[in-house]
Every structure is written in structure tokens, then in C-alpha cells.
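User: Hello! I am new to this structure and would like to learn how to read its features. Could you guide me through a few of them?

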Amino acid sequence: MIRTSELERTSWSCCIFTPTGADHNPSEVIHKQFVNWYNFKDLIMSDQIKFIVEKLNKEPFKKNYNLITFDSLEPMQLLQVLNDVLAEIDPKQVVDIREEMPDQTAKRMLSLLGILKYKPPGNATDMSTFRQGLVIGSKPVIHPVLHWLLQRTNELKKRAYLARFLIKLEVPAEFLQDETVADTNKQYEELMEGFKTLHKECEQLKTSGFSTAEIRRDISAMEEEKDQLIKRVERLKKRVETVQNHQRMLKIARQLRVEKEREEFLAQQKQEQKNQLFHAVQRLQRVQNQLKSMRHAAADAKPESLMKRLEEEIKFNSYMVSEKFPKELDNKKKEMHFLQKVVSEPAMGHSDLLELEAKINEVNTQINQLIEKKMMRNEPIEGKLSLYRQQASIISRKKEAKAEELQEAKEKLSNLEREVSMKATQTREFDGTEVLKGDEFKRYVSKLRSKSTVFKKKHQIIAEFKAEFGLLQRTEELLKQRHENIQHQLQTVEDKKGISGYSYTQEELERVSALKSEVDEVKGRTLDGMSEMVKKLNSLVAEKKSALAPIIKELRQLRQKCQELTQECEEKKTQYDSCAAGLESNRSKLEQEVRGLREECLQEESRYHYTNCMIKNLEVQLRRATDEMKAYVSSDQQEKRKAIREQYTKNIAEQENLGKKLREKQKTVRESHGPNMKQAKMWRDFEQLMECKKQCFLKQQSQTSIGQVTKFYNLDI
């Protein structure tokens, strides 16, 4: 990964070393590269700040910032915003920054960022600048941290929650020698492992899609079903107990159920064995077909064709090894050497750029003069050689292009073969069958097409019958409705005329007469009438067939066209789906690459700012060192006293004197330790003795007071 400073150097070097012709001005090219670089940098920073502001304006922060107000925040306010984000991840971090020391704030934030596995860009020196920037609230340090935290808030919440229970407390080995401490430590580790297993099970249950409410509902429903089944079994037992030989019948029923289950199991085994036999036969056919194709290929193959193929492969491999790969290796070495040279060069100033521009202009003028001299000579031999050289270079380029195409085709072929083998294994694991190939697949497709045509025909016939049935139902309903209306009108007319029930009696009479006439007709009907009716029906059927024949022909043609169009539509749809899937995969890959490049650019930008801060710190330190050297070298005694070295030597001398005094005190204390301890013991004994005398005196006083009271009492008596 090229860092930001290295990117700047490479951009400057690319501007400098690009060959400029008559139409290009080097200063313009350098200016364009410079402007493009800083526009790109500003774009990345603005995108980062936009993302931070959008997240802070949403729940649960609700800060109501815009780009200007967020960029104008003071260091303490920016640190408070960072602390609020950390408090959202870990509630223990809810602290007011103003009431806390800066060192404690930095230590607390760094410990939490370490738990969350935040990796600031750079090496150990950059870590010190990162800590310093976190203490002072530097924007280049805090903006990447906020961006990283707000990108993955939910994941970090989970990590902070787990860290409370999974960060192990390191106990020194000296304390572990105690049995109680060792037992508690062992119990602590066991509880931690138990928490890990329980958390994994909890996450699996969350991701499995089951909810506790659904499980409880299922359990309650199953318990209700269980109670119902128990009640049914009890009822059936009560019914069966009245029947004679019910125990024997129950035993026979149990045996019957067992035999039926066994029959089902055997039928299932039989079906599985049939399927296995069918798959084995199919595999055998495929293997036989492969064997036939291999035999045909071996029969057609000749040693001359095999030798030619091997010679072509050997030529291709030798060309790749001897010509193409060495050229590519040399080019890569040159690029690496050039990049190392660019990296090793120091940063260029304006004067260096002007010198390089002047050198480039001189070299360009020399090149133009040499070209003019060569054109003035006009040597014919060189012209012919240049033609041959051009042809040879064109042929070599074509050869390289074809070799690259062949290499790509081989890689594609190997990838496709790998994918085919993977898909075949997946289908074999999923269904237990292998993928059909060649003629078998064609036969399978033709069978499916024939079945689909038959299905479509039957489906169309059923649809026609359904439509005709619907029409007949509708006509029947209309006729019934019409009949009811006429009957209602007739009843109203009869009621008006005063002859209600006349139509009903007339209908009954007509019905009876019709029944009688029908019976008479049935009796008088003969076979001649039947034959005439059959002839009429046949003639009507023939007329209908002749009338429907051209329509049926047209319908067949239209069906064929419809089938062709549906097939074309399905093919186009499959093509469209495959193309859309390929484009979607390419788009997702490009999005991932862009996202990765943006993150790299952000990291490199922060790295660039860190290096600038380090340079400023080093300049301050260098200035202090020069001032110290001046003060130390100068002849003025007052300036020498101001030097840090003099101050440190003075402090060292004072500390040495103080150490001598303390050592002398320690010596005196050690010498007087024994007598002092004896004296302290004597004082303690003396104190105990006086306390004992005090107690005895108090007892004696109490006894004398009691004796005086008893004496006065006796006198009174």
C-alpha cells in the first residue's frame, strides 16, 4: 500500500518524468496534477464529514449539525461528540468531558477503542501522535474514529457488551499459588466458557427464525390436542370395555397397525431401490456413451496429430517461458526500481521543480535537433531497416496478443470446467442424480415439449368446456328469472279478474294431458322415427364439422405460431436473466472495489495529516534543541543558567544531597530501632500496670461506699 506522502511523490514524479512534446507545457501538466490531487483529497474528506453529520443528525444522537457547524466545532466539543458516540456503544462511557482530566479521558477512550479493535493507521511513532491528537481533540484524529464508529455501531455494541464478560483478568502467578485464589480463578474461567456457549446458542436461536411467542402458542396447542386425545382414548376405552373379548381385539388391531407400518416402510424401501436402480442404469448408459466417444476419439486419433498437438503446446510453453515471462519480469523490476527511487527521493520544492523543467526543455530541444539531422540525412538503408523493424515489432506484438488471448482462453476453460464439476457435485448431493448431457438432455427436452403440448391442449379443452358451462348456467338463470316474472304477472292478472288459481289448474291439466300424449307417443313411436332422428343428427353434425373445418385449420396454425413465440420469449428471457445476473455481479464487484479504495484513501489521508503533525512536533523539538545548544555554548552565565542541562544538573545535585541525608537518617533509625522497641514495650507494660491499679482502686471505692450504706441502714433500724 502506497502512503499519502508516497502518492504525492509518485504524482510529482509522474508529472516530471512524462515526456513532453511540442504541444505540452510541463508547468501546466504539473499544475493540473497538483490541482487534481488536492481536489480528490478534499472530495474524500467532504464525503467522510457528510457521512458523520448524517449519522449524528439521526436517532439516537439528534445533533442537528450541518457541514459548516460540525467543521467549526472546538476541540472540547469534538471530544464530547466522540464521547457521546462511545457512550451509545458502551453506557459506562457517559461522562462530561469538562469534569474529567484530559489524561483520564484519553486513557478511557483508548482502552475502549482497543477493546473495539480500532486500528489507527501507521506505526509506533504514529500511535504517539494519535494519542496526542486524541488528548488535544485534533480533527484529523477524531474524524476517522467517528467515521469508523458510526459505520458499524450495532456490531460494536455487541462487541462492547461481550467485552464486559470475556476480557480475562490476569492474576499473577504468585497469587495463584494460594488454593482459594486458584479455585476462584478456575471457577471464573468455567463461568466465562459457559457464557460463551450460552451466547452462541442465543445467537443461533435469534438467527433461526423461531420466536418465543410462536413456540408458546405451539406448546399450548399441542397440550390442548394432547388433552383432547386423552379424553377420546378414555371414551373409546369405556365403549370397548362393554364388548366381549375386547383385549384380544385390541391386540389384533395393534398387530395390524404394526404390520401396516412395516408394509409402508417396505414399500418406501422398494421405491428407493427402484430409484437407485434407475439412477444406476442411467449412470451405466452415460459411462457407456463416454466409453464409446473415447474409443471413437482414440480410433480417429493418429500419432502424427498427437505429435503436432504436443509440438504446438511445447512451442507455446517455450515462448511463454523464454520470451514473455522474462519481459514481464524485467518490466516489473524496472517499475519497482523506479518506485523505490521515487520513494527514496526527498520532497521537492519550487526551485527543484524549476530546475527539472529547465532540464526537460533542454533534453527536448536536443531530441528535436537529432530528429531533424536524421531527417536531413535520408539514408535509404536505414529506411528499409526501419520498415523491417516495424514489421517485426508488429508481428511480435500480434504474437504477444495471441499468446495472451490463448492464456486467457485456457484460464476461462479451466474455470468453466471447475464450475461444471462443482455444479455437478452440488446437484449430486442435492438430488442424488447426475446432470444430463448430450443426446439424453435433448431427449428429455423433447419429452417435456411433447408433454407440455399435450397439457396445453387438454387445458384449452377444459377452458372451452368451462366457458360453455358458464354460458349455459347464465342462460338457465335468465330463463328462470323470466319465467318467475311471467308467473308473477299472470297471478296479478288472475287476482284482478277474480279467477285466481286458474293458471295452476290449467298447467296441471296440460301437464297431465302432455304426460298422456307422451305415453301415447312412446307407445306409438317406431324404429323408423328413431332412424330419421339419427339421420338428421348425423347430417347436422356433418354440417357443423364442414363449417368448423377451416376455423380449426386456422386455429392450428395460430397455435403453432403461439408455441414458437412462447419458445422465443422463454429463450430471450433466459438470455436477459443471465445478462442481468452478470451485470449485477460486475456492479457489486465494482462497488466493493470502490468502497475499498475509498477506505484506503481515507486511511492515507489521515496518515498524511499524522505525518504533518509529526513534522511540526519534530520542528518544535529541533528548535528547542538548537536553543539549548546556543544557551550551553554561549559565554553568558545567565543564559547558561537558563539552559535545561544546567537546571537538570542542579536538580541532580540537590537530589543527591537529599539522598545522602535520607541515608544518614535511615542509618540512625536502624541503630536506634532495638532500644526504641524495648522502651515502647516497657511503656506498654507500664500502661497495663497503671490500668490494673486504677481498676483495683475503683473496686475498693465501690466496696467502701456499699459498707457505709449498710452501716447507716442498721443505725436507722
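Analyst: Let us begin with a salt bridge: the side chains of glutamate 155 and arginine 159 meet in one, at 3.1 Å from N to O. The term means a side-chain nitrogen of Lys or Arg within 4 Å of a carboxyl oxygen of Asp or Glu. This is a predicted model, where local features need pLDDT of at least 70 and side-chain atom pairs count only at pLDDT 80 or more, while totals for chains, interfaces and linings use all residues. Residues are numbered from 1 along each chain as its sequence is written, and side-chain values use heavy atoms, with hydrogens and water left out.

User: Where do glutamate 155 and arginine 159 lie?

Analyst: Both belong to helix 8 (residues 153-166), four residues apart, which is about one turn of the helix. Helices (H or I, at least four residues) are DSSP runs, numbered from the N terminus.

User: Which parts of the chain does the pair of lysine 63 and aspartate 84 link?

Analyst: Lysine 63 and aspartate 84 form a salt bridge whose closest N and O atoms are 2.9 Å apart. This pair links distant parts of the chain, 21 residues apart: lysine 63 is in the loop between helix 2 and helix 3, and aspartate 84 is in helix 4.

User: How many salt bridges does the structure hold?

Analyst: It holds 15 salt bridges.

User: What should I look for in the backbone?

Analyst: Most residues other than glycine have a negative phi, and most peptide bonds are trans. Here, asparagine 64 has a positive phi of about 60 degrees although it is not a glycine. Asparagine 64 sits in the loop between helix 2 and helix 3, and its relative accessible area of 68% makes it exposed. Lysine 117 also has a positive phi, about 65 degrees; its place is the loop between helix 5 (102-115) and helix 6 (124-136).

User: And which residues does a cis peptide bond join?

Analyst: Glutamate 59 and proline 60, with omega about 0 degrees. Proline 60 is found in the loop between helix 2 (26-57) and helix 3 (67-71).

Notes. Helices (H or I, at least four residues) and strands (E, at least two) are DSSP runs, numbered from the N terminus. Buried means under 20% relative accessible area, exposed over 50%, partly exposed in between (1.4 Å probe, protein chains only).
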